[in-house]
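Hello,

Here is the structure I promised to pass on to you. Have a look at it first, and then read my notes below.

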Amino acid sequence: MKILSFLLLTIIFSTCNQDDQLVLNETDYLMFGHFYGECEGEGCIETYKLTNTQLFEEVNDHYAGAGEFSFVELSNELFNQVNNLPSYLPEELLQQEEQTFGCPDCADQGGLFIQVSTDGETKTWIIDQTKRTVPEYLHEFMGKVNEKIAVIN
């Protein structure tokens, strides 16, 4: 009986978590990246666009997502390594009116650029890389974004 109860609870909780996950449809995308102002080299500004079937790299390297975007498609292998990132996007972030969390790159610690477009609605956030300055619900997602950037590079 205990095993049956455990299995039932596991199914209920895993179903609830799946319902809260961001799922990208044909026209949706998740843009993610990091930026460091006092930095030299190619890795200082990295921005990527993830759709439900492809991964792109932004080639203009504009600081904190400012400016015109221009993308080149990356390999299917890289897409397969990062395509689960939307599942880590916290539902709380999607509900936020606030667009900046902490003080991104104020002390040369860098920042994260996040943009989500779903059902024709686009939301953008700039997030401090220092976890103690941002809400705790962002911590796991921030770690995953940095992890996926490292995988791509």
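Two strands count as paired if DSSP finds at least two bridges between them. Strands themselves are DSSP runs (E, at least two residues), as helices are (H or I, at least four), and both are numbered from the N terminus. This is a predicted model, where local features need pLDDT of at least 70, side-chain atom pairs count only at pLDDT 80 or more, and totals for chains, interfaces and linings use all residues. Residues are numbered from 1 along each chain as its sequence is written, and side-chain values use heavy atoms, leaving out hydrogens and water.

Let's start with strand S2, residues 45-50. Six bridges tie S2 to strand S1 (residues 29-35), and the two run antiparallel; here His 34 lies opposite Glu 46 of S2. S2 is also antiparallel to strand S3 (residues 55-58), with three bridges between them, and Lys 49 faces Phe 56 of S3. The link from S2 to S3 is a hairpin of four residues.

What is the order of the strands in the open sheet? Its seven strands follow S4-S3-S2-S1-S6-S7-S5, with mixed pairing. S4 (71-73) and S5 (100-101) are at the edges with a single partner strand each, so one side of each has no neighbour in the sheet.

Helix H4 (residues 139-152) packs on the sheet, in contact (heavy atoms within 4.5 Å) with S1, S2, S3, S6 and S7 (121-128).

Best wishes

Key:
Axes are lines fitted to C-alpha atoms, for helices over the stretch in contact, and angles run from 0 to 180 degrees between N-to-C directions.
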